[in-house]
Amino acid sequence: MYSTNIDGERVEFGTSGMLYRSNKLMYDRRTNTLWNQFTGVPAAGPLAGSEARLELLPVVTTTWGEWFNAHPDTTVLDVETGLYPGRFYESEWNDRSIYFSYRESPTTMFPVWQTSDELATKNHVIGLNIGHQARAYPLETLRKERVINDELGGLPLVMVTTGHLGSRAYERGERTFLLEEGDAPDSSVITDSEGQTWRVEENALVNLENPSQLLPRIPSHNAYWFGWYSFYPGTDVYRSGE
């Protein structure tokens with residue numbers, strides 16, 4: 001997810017119907033520039049080759065039930081636009097949904113020339129790119145370990161996975177976070193090595209004893225392995241216990 005501000009102006013985007021490395025190209029309706037939706041960089045058109053970049057925003061994939069429990073004041077975009085057939089609106093887990101067969105297939109719909117067999121093609125990963133260093137965190141590893149202290153591009157960080165609320169990355173400074181015995185998988189509170197507790201929120205980790213103390217969230221990509229590797233071929237993969 002990206003901010004739609006370009007040079008201080010809010011711009012509308014649309015889908016071009018074109019792909020690059022089996023990944024969608026979008027366009028902005030102000031300049032008709034094509035944008036790479038994976039990197040937020042202009043791919044072709046008037047802004048190609050410029051310094052223009054879209055700001056990456058934090059996003060999380062979760063269930064509606066878990067999200068609504070945490071954010072009961074949420075508003076919802078109405079999917080019944082009348083532009084698509086009914087099956088387009090089915091849950092992605094329903095075999096009637098329009099891309100169900102693609103998600104169930106182990107291969108891509110179109111060829112991807114730059115690949116790696118370090119993970120399965122459609123393994124789900126959380127990708128971080130910090131200081132020109134990229135790392136992929138397999139989703140199954142994040143769900144198993146739940147709290148991972150790491151460092152990337154010189155930035156100390158912590159990956160936190162709580163139940164169905166998904167995985168998030170935060171700055172951790174000089175702190176080390178612990179997964180204490182007995183912590184429930186859906187707990188939204190984690191503890192650091194000094195015994196201080198922090199609440200997992202959308203924009204930051206919040207110190208429960210001193211709510212003014214925040215550890216900012218780090219934007220990340222939730223992607224298939226083939227998509228992440230296509231654009232970050234120098235990436236490494238986090239392995240359990242590293």
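# Briefing on cores, surface and charged pairs

In this predicted model, the largest nonpolar core has 13 residues, and those touching the most other members are Ile126, Leu128, Tyr137, Leu142, Leu157, Met159 and Ile218. A nonpolar core is a set of buried Ala, Val, Leu, Ile, Met, Phe, Trp, Tyr and Cys residues joined through side-chain atoms within 4.5 Å. At least two residues of this core come from each of β7 (124–130), α3 (139–145), β9 (147–152) and β10 (155–161), and β7 gives the most, with three residues. Helices (H or I, at least four residues) and strands (E, at least two) are DSSP runs, numbered from the N terminus.

Because the model is predicted, local features need pLDDT of at least 70 and side-chain atom pairs count only at pLDDT 80 or more, while totals for chains, interfaces and linings use all residues. Residues are numbered from 1 along each chain as its sequence is written, and side-chain values use heavy atoms, with hydrogens and water left out.

- Tyr137 touches His124, Val125, Ile126, Leu128, Leu142, Asp150, Leu157, Met159 and Tyr238, not counting residues up to four places away in sequence; contact means heavy atoms within 4.5 Å.
- A second, separate core has twelve residues, including Leu119, Trp228, Phe231 and Val237.
- In soluble globular proteins, nonpolar side chains tend to be buried together.

**Nonpolar surface**

- Leu19, Tyr99, Met109 and Phe110 make a nonpolar surface patch of about 420 Å². Patches are made of residues with over 30% relative accessible area and no salt bridge, with like charges joined within 9 Å and nonpolar side chains (Val, Leu, Ile, Met, Phe, Trp, Tyr) within 5 Å. Accessible areas come from the Shrake-Rupley method with a 1.4 Å probe; for residues, only the protein chains shown count as cover.
- Tyr99 lies in the loop between α1 (64–70) and α2 (100–104), and counts as partly exposed because its relative accessibility is 46%. Buried means under 20% relative accessible area, exposed over 50%, and partly exposed in between (1.4 Å probe, protein chains only).

**A buried loop residue**

- Thr33 belongs to the loop between β4 (23–28) and β5 (34–36), and counts as buried because its relative accessibility is 0%.
- Beyond residues up to four places away in sequence, Thr33 touches Met26, Tyr27, Asp28, Pro42, Ala44, Gly45, Pro46, Leu47 and Ala48.
- The side chains of Thr33 and Thr31 are joined by a polar contact of 2.7 Å. A polar contact is a pair of N or O atoms within 3.5 Å; within protein, one must be able to donate a hydrogen and the other to accept it, and residues adjacent in sequence count only if both atoms are side-chain atoms.

**Salt bridges**

- Eight salt bridges are found in a search of the whole structure; each is a side-chain nitrogen of Lys or Arg within 4 Å of a carboxyl oxygen of Asp or Glu.
- Arg29 and Glu12 meet through their side chains in a salt bridge (3.8 Å, N to O). Arg29 lies in the loop between β4 and β5 and Glu12 in the loop between β2 (9–10) and β3 (13–20), so the pair ties together parts that are 17 residues apart in sequence. Arg29 is partly exposed at 46% relative accessibility, whereas Glu12 is exposed at 56%.
- Glu202 and Arg217 form a salt bridge between their side chains (3.7 Å, N to O). This pair links distant parts of the chain, 15 residues apart: Glu202 is in the loop between β14 (197–200) and β15 (204–207), and Arg217 is in strand β16 (residues 214–218). Both Glu202 and Arg217 are buried.
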